[in-house]
Amino acid sequence: MEPGKQLSTSIDATIPTAARMYDYYLGGKDNYASDRAACEELDKVVPSTRALALNNRRFLQRVVRTLAEDYGIRQFLDHGSGLPTQNNVHQVAQAVDPSSRVVYVDNDPMVLVHGRALLEQNENTAVIHADMRETDAIFAHADTQRLIDFSQPVAVLFNSVFHCIPDSDTDGPLAVARRVRERLAPGSYMVMCQLVSEDAEVRKFVTDFMDQATQGHWGRVREPKDVAEFFEALEILEPGLVEVSTWRPDTEVAPRQLTQEWIEFGGVGRLR
């Protein structure tokens with residue numbers, strides 16, 4: 001992202017956004033005709049997208065609960081959080097410990113409006129309007145400083161968002177992951193996953209389609225090996241980097257993605 005560039009605070013209902021499309025796939029109501037039309041076109045080539053979105057949401061909830069219950073994490077920084085749904089990060093974490101603190105980050109103005117309305121009665125949770133690549137601004141934000149103590153372990157979430165930003169030596173996913181990791185205390189965790197495909201034609205179609213539909217607010221569908229690079233210098237928790245519906249499922253009969261034209265791939269890494 002260009003230094004000093006201001007994020008728009010206006011909502012353009014004619015241009016689809018990844019956050020609103022995700023909301024539609026999850027059965028939400030905070031989306032427009034343009035978002036629904038884009039989803040319908042996407043489904044023609046990658047019909048597993050709704051199941052993928054639902055499984056990704058369940059993965060996020062399992063990860064947060066696991067980090068809170070089993071690893072004692074009480075502070076979470078969620079990049080590209082998307083529109084509020086049920087069982088958000090703060091609800092899952094605060095069900096384990098009401099003192100858990102959560103900062104959501106998103107550049108979609110609709111997320112800001114709805115998120116702040118939802119959280120105005122929750123003093124341990126905040127939503128800030130920023131691009132996930134603006135690491136300095138995010139970490140220096142007054143709400144982040146108020147809620148997150150970076151001298152202690154924190155869980156940083158990049159859940160299904162890195163495909164929204166293009167490759168770049170300074171602002172690409174790998175650069176962002178490195179920049180954030182350098183600021184964390186030992187014992188912190190990074191949760192990272194994104195859309196991947198082994199099929200070059202699927203990668204090209206979805207990347208081109210989403211780039212055009214969102215008018216440039218997109219990166220690319222990558223390969224599993226690209227995601228693995230994000231976890232450099234981190235100890236990857238079991239079961240490793242996987243299709244996310246298989247990451248510590250709650251039961252043996254938990255929903256699985258049935259088609260594999262593309263998948264959500266990633267996991268959890270610990271900073272030693």
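**Exercise 1. Cysteines**

Is cysteine 164 buried or exposed?

*Solution.* The model is predicted.
Step 1: take the relative accessibility of cysteine 164, which is 18%. Buried means under 20%. Cysteine 164 therefore counts as buried.
Step 2: recall the bond in question. A disulfide is a covalent bond between the sulfur atoms of two cysteines.
Step 3: count. The structure holds zero disulfides.
Step 4: check cysteine 39. Its nearest cysteine sulfur belongs to cysteine 164 and is 13 Å away. The cut-off for a disulfide is 2.5 Å, and cysteine 39 is in none.
Step 5: check cysteine 164. Here the nearest cysteine sulfur is that of cysteine 193, 11 Å away. Cysteine 164 is in no disulfide either.
Step 6: With a relative accessible area of 0%, cysteine 39 is buried.

**Exercise 2. Aromatic pairs**

Find how many aromatic pairs the structure has, and classify the pair of tyrosine 24 and tyrosine 25.

*Solution.* 
Step 1: search the whole structure. Seven aromatic pairs turn up.
Step 2: A pair of aromatic rings is described by the distance of the centres and the angle of the planes.
Step 3: apply them to tyrosine 24 and tyrosine 25. The ring centres are 6.0 Å apart and the planes stand at 50°, so this pair is tilted.
Step 4: check burial. Both tyrosine 24 and tyrosine 25 are buried.
Step 5: turn to phenylalanine 59 and tryptophan 247. Their centre-to-centre distance is 5.8 Å, with 85° between the planes. Over 60 degrees counts as edge-to-face, and that is the class of this pair.
Step 6: Phenylalanine 59 is in helix 3, and tryptophan 247 is in the loop between strand 7 (242-243) and strand 8 (263-270). The pair links distant parts of the chain, 188 residues apart.
Step 7: check burial again. Phenylalanine 59 has 0% relative accessibility and counts as buried. Tryptophan 247 is buried at a relative accessible area of 1%.
Step 8: look for a cluster. Phe158, Phe162 and Phe230 form one.

**Exercise 3. Charges over rings**

Which ring does the charged end of arginine 183 sit over?

*Solution.* 
Step 1: find the ring. The charged end of arginine 183 sits over phenylalanine 139, 5.1 Å from the ring centre.
Step 2: classify its accessibility. A relative accessible area of 33% makes arginine 183 partly exposed.
Step 3: relate arginine 183 to aspartate 136. They are 47 residues apart in sequence, and their C-alpha atoms are 10.0 Å apart in space.
Step 4: take the second case. The charged end of arginine 50 sits over the ring of tyrosine 24, 5.1 Å from its centre.

**Exercise 4. Backbone geometry**

*Solution.* 
Step 1: Most residues other than glycine have a negative phi, and most peptide bonds are trans.
Step 2: Serine 160 has a positive value of about 55°. At 15% relative accessibility, serine 160 counts as buried.
Step 3: move to valine 161. Valine 161 is also in the loop between strand 4 and helix 8. It is buried at 4% relative accessibility. Its C-alpha atom is 8.5 Å from that of serine 81, 80 residues away along the chain.
Step 4: read alanine 233. Its phi is positive, near 70°. Alanine 233 sits in the loop between helix 10 (224-230) and strand 6.
Step 5: inspect the peptide bond from glutamate 238 to proline 239. This bond is cis, with omega near 10°. Proline 239 is in the loop between strand 6 (235-236) and strand 7.

**Exercise 5. A pocket**

What volume does the second largest pocket have? Describe its lining.

*Solution.* 
Step 1: give the volume, about 240 Å³.
Step 2: count the lining. There are 14 residues, and Leu26, Arg57, Gln61, Thr85 and Gln86 lie nearest the centre.
Step 3: sort by class. The lining has three nonpolar, six polar and five charged residues.
Step 4: find the main contributor. Helix 3 (residues 49-69) gives the largest share, four residues.

Notes
Residues numbered from 1 in each chain as written. Predicted model: local features only at pLDDT ≥ 70, side-chain atom pairs only at ≥ 80, totals over all residues. Heavy atoms only, no water. 1 Å grid on protein atoms, 1.4 Å probe; cavity = no way out; pocket = protein on both sides within 12 Å on 5 of 7 lines; lining within 4 Å. Points joined across faces, edges and corners; volume = space filled by probe spheres on them. Helix = DSSP H or I, 4+ residues; strand = E, 2+ residues; numbered from the N terminus. Nonpolar A, V, L, I, M, F, W, Y, C, P; charged D, E, K, R; others polar. Phe/Tyr/Trp six-rings, centres within 6.5 Å; stacked < 30°, edge-to-face > 60°. Buried < 20%, exposed > 50% of the residue type's maximum accessible area, 1.4 Å probe, protein only. Lys NZ or Arg CZ within 6 Å of the ring centre and 35° of its normal.
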